[in-house]
Amino acid sequence: MSGPVLVRTRAELADQLAPARRAGQRVGLVPTMGALHEGHASLVRVAREHVDQGPVVVSVFVNPLQFGEAADLESYPRTLEADLEVCAREGVDVVFAPTVDEVYPGGDPEVTVEPGPLADVLEGRTRPGHYRGVLTVVAKLFGLVRPDVAVFGQKDYQQLVLIRRMVADLCQGVEVVGAETRREPDGLAMSSRNVHLDPEQREQAVALSRTLYAAVEASGYGAKVALDAARGELRAAEGVDLDYLEITDPALAVLPDDVPDGTDARVLIAARVGSTRLIDNLPLVLGRPQPSADQPSPDQPHHQE
Ligand SMILES: Nc1ncnc2c1ncn2[C@@H]1O[C@H](COP(=O)(O)OP(=O)(O)OP(=O)(O)O)[C@@H](O)[C@H]1O
Ligand SMILES: CC(C)(CO)[C@@H](O)C(=O)[O-]
Ligand code: BAL
C-alpha cells in the first residue's frame, strides 16, 4: 500500500495536482486540523465517492486565526505521523500540511472573510472571531487546492452552514458535502479534543449525546417538550457545564412558537466537561412527520447533506 504524498508548500501542492488538472479529473478536499479519527476517515470515503478517478486531498492545518484561547491552540493535539497512517489506510492521494508561515506569509491577513450575523449565535457567542478565522482559512484552502468538492462533518454544524453560505455568497463554485457524525459505541461524537478527557470525564461526556437523543425522542410533541426532555436528561448529568442547548431551524434561525407538524429542525449543544469544550447536534422533525415529506428522521438519518 503506497501512502499519500506529503506536501508542505503551495508550490509542491500545485505540482502534485497538475497532472489531475491536465487530465480534467475532479479534485476532492477534506479540510482538517489533524489528530485524525474515524470521523475524518469517513469524510475521506465520502470525498472519494464524489471524485471518480480524481485525487482526494486532506489538509492538516491547526489554524491560529480561529482560536480564541491561547491554551486551546497550544494544547490542540498534533499527530502528523499517525495522521499519515490514517490517510494511507483510506487511500488519500495528497496530504497538505503547511506551516503557519506558508498559509499566512505576511502574518495575520488584512483581508478576511466576514461571516455575517450567523457567526454571532451559538458557537459564535462563546468564540468571538472563530468563524472569521474558519471561513478565511477555508477560502484560502479553496484557493490553493481549487477543489471541485469539499467534505465537512455535520458535527460542526454551524461551521457547515456558514461554509455553504460563503460558497453561495462569494460564488466559489465548490460543491460542499456535509457528512454524518461518527460516534463512539456509547453515542459520544468523535472529536480530536476527546483525548483531553480523563476516564471519569469520558464517561460524563456521554451526557451530551444522551441529551440530544432525549430531544429527538420527544420531538413528536414539539420543540418545547423536546427541550424540556433534553434539559431533564442534563439535570441528571454530573460534571457537565452547559454552554447552550437550542433547537433551531436547519439554517440555524430561531423557530417561531408554532410550527407545522413535520418541520425540520436541529438540536445543538455545547458544554465543558472539565476544561474540555465539546459540541454536538442532531437533526429532528418537530411534531408528527408528514408521510410524504422527504426529511431526515431519527430512524433514517441523512448520511450526507
Ligand atoms: N465525529 C465526526 N464525524 C464526522 N465528521 C467529523 C467528526 N468530527 C469532526 N469531523 C469533521 O472533520 C473535519 C475536521 O475537523 P477537526 O479536525 O476540527 O476535528 P474535530 O474532531 O472536530 O476536532 P475538534 O472538534 O476537537 O476541533 C470537520 O469538517 C469536522 O466537522
Ligand atoms: C474547517 C477547518 C479545517 C478549518 O480550519 C476546521 O475548522 C475544522 O477542522 O473543522
Ligand atoms: N472542529 C472545529 C474547529 C475548532 O473547534 O476550532
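Two residues are in contact if their C-beta atoms, placed from the backbone, lie within 7 Å. This is a predicted model, in which local features need pLDDT of at least 70 and side-chain atom pairs count only at pLDDT 80 or more, while totals for chains, interfaces and linings use all residues. Residues are numbered from 1 along each chain as its sequence is written, and chains are lettered from A and ligands numbered from 1 in the order in which they are written.

**View 1. Gln66 and Gln159 are the residues that UniProt lists under "binding site".** The listing comes from an unreviewed entry. UniProt positions are given here in the numbering used for this model, feature names are shortened, and annotations may be inferred rather than shown by experiment. The two residues span 94 residues in sequence, yet no two of their C-alpha atoms are more than 11.5 Å apart, so they gather at one spot.

Gln66 is found in the loop between β3 (56-60) and α3 (70-75). Helices (H or I, at least four residues) and strands (E, at least two) are DSSP runs, numbered from the N terminus. Gln66 is buried, with 21 other C-beta atoms within 10 Å. Buried means 20 or more other C-beta atoms within 10 Å of the residue's own; exposed means 12 or fewer, and partly exposed lies in between, with C-beta atoms placed from the backbone. Beyond four places in sequence, Gln66 is in contact with His130, Gly133, Val134 and Val137.

Gln159 sits in helix α8 (residues 157-169). Gln159 is buried too, with 23 other C-beta atoms within 10 Å. Not counting residues up to four places away in sequence, Gln159 touches Val134 and Phe152.

**View 2. Ligand 2 has Gln66 and Gln159 among the residues around it.** A residue is near a molecule or strand if its C-beta atom, placed from the backbone, lies within 6 Å of it. α7 gives the most, with 3 residues. By class, the shell has 5 nonpolar, 4 polar and 1 charged. Ala, Val, Leu, Ile, Met, Phe, Trp, Tyr, Cys and Pro count as nonpolar; Asp, Glu, Lys and Arg as charged; the others, Gly among them, as polar.

**View 3. Ligand 1 has 18 residues around it.** Gly39, Gly153, Met190, Ser192 and Arg193 come nearest. α2 (38-49) and β5 (149-153) each supply at least two residues of the shell. α2 gives the most, with 4 residues. The shell divides into 6 nonpolar, 8 polar and 4 charged residues.

**View 4. Three strands form an open sheet in the order β7-β8-β9, with antiparallel pairing.** β7 (240-248) and β9 (276-286) stand at the edges, each with a single partner strand, so one side of each has no neighbour in the sheet. The twist averages 15° from one strand to the next. Two strands pair if DSSP finds at least two bridges between them. β7 and β8 (residues 263-273) pair over 8 bridges. Glu246 has Leu268, in β8, as its bridge partner. Helix α11 (residues 223-235) packs on the sheet and touches β7, β8 and β9; its direction makes about 165° with that of β7. Axes are lines fitted to C-alpha atoms, for helices over the stretch in contact, and angles run from 0 to 180 degrees between N-to-C directions.

**View 5. Pro260 lies in the loop between β7 and β8.** Pro260 counts as exposed, with 9 C-beta neighbours inside 10 Å. Gly222 is 38 residues away along the chain, and the C-alpha atoms of Pro260 and Gly222 are separated by 9.3 Å.
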